[in-house]
Amino acid sequence: MRLKTLELNGFKSFAQKTVLEFGNPIVCVVGPNGSGKSNVVESIRYVLGEQSMKSMRGKSGLDLIFKGSKNLSKGSHASVSIYFDNSDKIFKLENDNGDNINLNFDTVSISREVFSDGLNKYVLNGTEVRLKDIHNLLASVNIGSSGHHIISQGEADRILNANIQDRREMVEDALGLKIYQYKIKESTRKLERTEENMKEVTLLRRENAPHLNFLKKQVEKFEKGKVMQAELTVLYKEYLKKEDVYLEKEKAHLLAERNKIKSELESVAGKISLTEDKNSSAGNKKIEELRLVEKKINEISAVKSEMERKLGRIEGMIEMEERRAEQKEDVVEISQEEVKSVINEINQSIDLAFGKESVSEIRDILGRIKDILKKFSPEKGETANKNFEIQNLKKTQNEILAEMAKIEEEEAKIRQTIEKLKEDLNKETEALRDLEREKFTYKVRHQELTSALELISIKEGSLKAREDSFQNEMKEGVALIGQEILAYKNHQISESTEGEISQEDLKRKIERIKIKLEDAGLGSGVEVMKEFKEVTERDEFLAKEMEDLTKSIESLKKLIADLKEKIDIEFKEGVKKINVEFQEFFSLMFGGGTGSLSIIAPAKKKKAEKEVEFDEEEIEIEMEEEEEMLPEGIEINVSLPHKKVKELHALSGGERSLTSIALLFAMSQVNPPPFLVLDETDAALDESNSRKYGDMLEKLSKHSQLIVVTHNRETMSRAGALYGVTIGANGASKLLSVKFEEATQIAK
Ligand code: ATP
């Protein structure tokens with residue numbers, strides 16, 4: 001890597017485009033006071049990202065733009081470009097993720113431009129970049145931002161004036177440790193951001209946790225419920241199927257039973273009514289008949305006894321008449337006609353008597369007959385025909401006897417009928433008794449069957465109740481589980497060998513699970529599951545993020561620790577190396593004595609307020625904590641030959657200059673920067689020291705390109721190329737390549 005060209009455009013006094021070529025290891029810039037030499041040095045600081053306006057002798061970016069003169073108008077912007085040879089591809093740049101950005105250019109160019117509104121722009125090989133990128137890029141080639149490789153006019157002893165921490169920074173920068181510091185800063189910032197993220201994520205998770213917990217419990221409940229549902233489904237199918245089969249079977253069984261009983265009952269009832277019919281028709285008629293016949297016989301008896309009585313009277317009359325006839329001679333004469341009419345009258349009366357039933361009527365008739373017969377009585381005095389009367393009486397007696405015989409015959413006939421009837425009735429009663437017995441048996445059977453039928457009804461009733469509860473159970477099951485339980489119809493009843501579970505047991509189990517299920521409340525399960533999934537996924541995502549963040553925090557912490565350790569080690573080793581060189585340059589410049597750096601312990605200290613700088617990015621960094629643990633510092637120890645003075649502030653200006661130069665050169669020797677800019681660092685040197693200075697320049701130029709602003713002839717004599725700077729009447733600096741002789745002239 002080599003510095004090739006510097007190009008100024010409108011920067012400070014360089015109104016026009018001005019180009020410096022760095023083709024030689026030592027390039028000197030010479031010119032009269034105020035010609036713009038220091039502006040060249042500042043342009044290098046500027047393009048490399050200098051933030052301190054003070055170190056560029058300005059108050060704002062505007063001071064860096066050509067201000068104009070009598071004949072030249074002021075510029076609208078100032079730009080400086082610097083070109084490096086990168087054929088060895090040494091420049092490196094990483095993006096924010098730590099990946100290398102391709103910088104495969106033979107020439108690396110950096111440009112910085114400032115506009116009248118104070119805005120800055122950095123361009124790397126044509127691409128606008130951030131200041132941070134410029135710092136990182138330069139750190140990769142050991143060009144630190146502390147500017148230890150650019151020594152401005154009068155700033156040679158800056159390191160002597162600086163406090164121990166700033167010195168440490170300069171030394172670190174010179175040792176090329178700045179790049180690690182940047183990385184630490186970057187990593188620390190990343191760490192803070194990561195920790196911030198972590199806090200946020202932790203908070204989010206904490207906020208989520210109760211909800212997640214709640215959902216988890218719900219889901220557990222739901223899943224338990226699901227298991228129970230599945231269990232319940234199995235039980236339900238088994239139960240319902242069994243119940244269904246049982247009900248069907250039982251129904252059919254009861255129906256068959258009922259039909260059987262019913263048909264038997266019908267036949268029994270038929271038989272009963274049949275016996276009842278027989279019973280009433282036969283017996284009653286006969287009894288009625290008997291009663292009538294017996295009545296008749298009674299009547300006949302009455303008639304008979306009346307006749308007997310009549311007969312007795314007639315016999316008495318006959319007896320009396322015959323005796324009278326015996327005693328009296330004259331017998332009453334009665335004509336044949338009269339007798340015939342009397343007989344006729346009596347026969348009619350008898351016939352009438354036969355037609356009557358009542359005894360009194362018959363008696364009346366008999367009375368009349370007696371009256372008729374009175375006509376023939378002897379009281380009438382008709383004694384003539386007493387025989388005739390006896391004959392008549394005998395005739396009547398015979399008639400009555402004939403009538404009696406007729407009645408007796410009839411009576412005998414009736415008695416016969418009675419006998420027959422009684423016999424029949426006896427027979428019938430016997431038959432009736434059998435019938436009764438049979439009827440009783442049927443009635444008993446009827447009763448039995450009726451009871452059996454009632455029992456069937458009761459059974460049917462309870463079967464109906466069981467069926468109702470089966471239907472209810474099914475409805476409940478559907479409500480709890482869904483239509484799928486209706487598939488019980490296709491269910492195969494399990495045939496367990498170890499005794500079948502009874503329906504009661506099944507039912508009990510079902511009830512138990514149902515209660516638990518109702519308690520679990522499965523209602524919004526689907527939504528809960530969905531929400532739980534979402535919240536879990538989110539939590540898992542956050543957990544994963546936490547894990548990633550934790551990992552990156554760990555790796556950042558490790559990186560920071562490693563970098564700190566690396567810096568610490570390299571710093572200590574670097575200081576040792578610097579001390580070797582320092583001692584050598586010091587004794588060379590002073591012709592003896594000792595010079596060394598020592599590391600001193602860190603101290604707690606309030607951070608001094610920093611100068612206000614114009615790039616926000618930097619300000620941010622400077623605004624950090626007010627109090628911090630300061631890193632170790634650097635102390636400079638000197639001991640001049642033949643002098644007791646050891647305090648730095650007690651040294652003379654020249655001595656301070658020599659000490660600074662010795663230290664600067666020592667630092668540059670240990671870790672040579674690609675180039676070193678020295679602005680009149682040799683101003684305070686006398687002739688012999690100027691020579692020693694010149695020797696040191698040549699030594700340094702082996703490893704670093706040197707850009708040296710000087711008025712010193714000796715110094716000029718060591719340069720490979722010389723630029724003369726002049727300022728014209730138009731107020732613009734002008735640059736021209738000159739020979740040594742010209743240079744010494746110009747410099748005056
Ligand atoms: P010396 O040898 O005395 O150190 P020098 O050669 O280093 O002098 P500089 O200090 O570089 O000179 O130049 C200063 C000159 O640049 C001054 O004349 C100043 O007016 C001029 N200058 C500074 N800023 C601007 C600007 N923005 N526009 C125009 N001229 C400027």
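Mentor: Let us begin with the polar contact, which is a pair of N or O atoms within 3.5 Å; within protein, one must be able to donate a hydrogen and the other to accept it, and residues adjacent in sequence count only if both atoms are side-chain atoms. Here, a backbone N or O atom of P32 lies 3.5 Å from an oxygen atom of the ligand. For G34, a backbone N or O atom lies 2.5 Å from a ligand oxygen atom, and for K37 a polar side-chain atom lies 2.7 Å from an oxygen atom of the ligand.

Mentor: Please note that this is a predicted model, in which local features need pLDDT of at least 70 and side-chain atom pairs count only at pLDDT 80 or more, while totals for chains, interfaces and linings use all residues. Residues are numbered from 1 along each chain as its sequence is written, and side-chain values use heavy atoms, with hydrogens and water left out.

Trainee: How many residues surround the ligand, and which are the closest?

Mentor: A residue is near a molecule or strand if one of its heavy atoms lies within 4 Å of it. The ligand is surrounded by 18 residues, and the closest are N33, G34, K37, S38 and R57.

Trainee: At what angle do the axes of helix α6 and helix α7 cross?

Mentor: Helices (H or I, at least four residues) and strands (E, at least two) are DSSP runs, numbered from the N terminus. Axes are lines fitted to C-alpha atoms, for helices over the stretch in contact, and angles run from 0 to 180 degrees between N-to-C directions. The axes of α6 and α7 (residues 359–374) come within 9 Å and cross at roughly 175°.

Trainee: Which word describes the arrangement of α6 and α7?

Mentor: Angles under 35 degrees count as roughly parallel, over 145 as roughly antiparallel, 65 to 115 as roughly perpendicular and the rest as oblique. Helices α6 and α7 are therefore roughly antiparallel to each other.

Trainee: What of α4 and α10?

Mentor: The axes of α4 (residues 164–174) and α10 (residues 525–590) cross at roughly 90° and come within 10 Å; these two helices are therefore roughly perpendicular to each other. Contact means heavy atoms within 4.5 Å. R168, V171 and E172 of α4 make the contact with I567, F571, V575 and I578 of α10.

Trainee: And α6 with α8?

Mentor: The axes of α6 (residues 336–355) and α8 (residues 386–480) come within 12 Å, crossing at roughly 25°. The two are therefore roughly parallel to each other.
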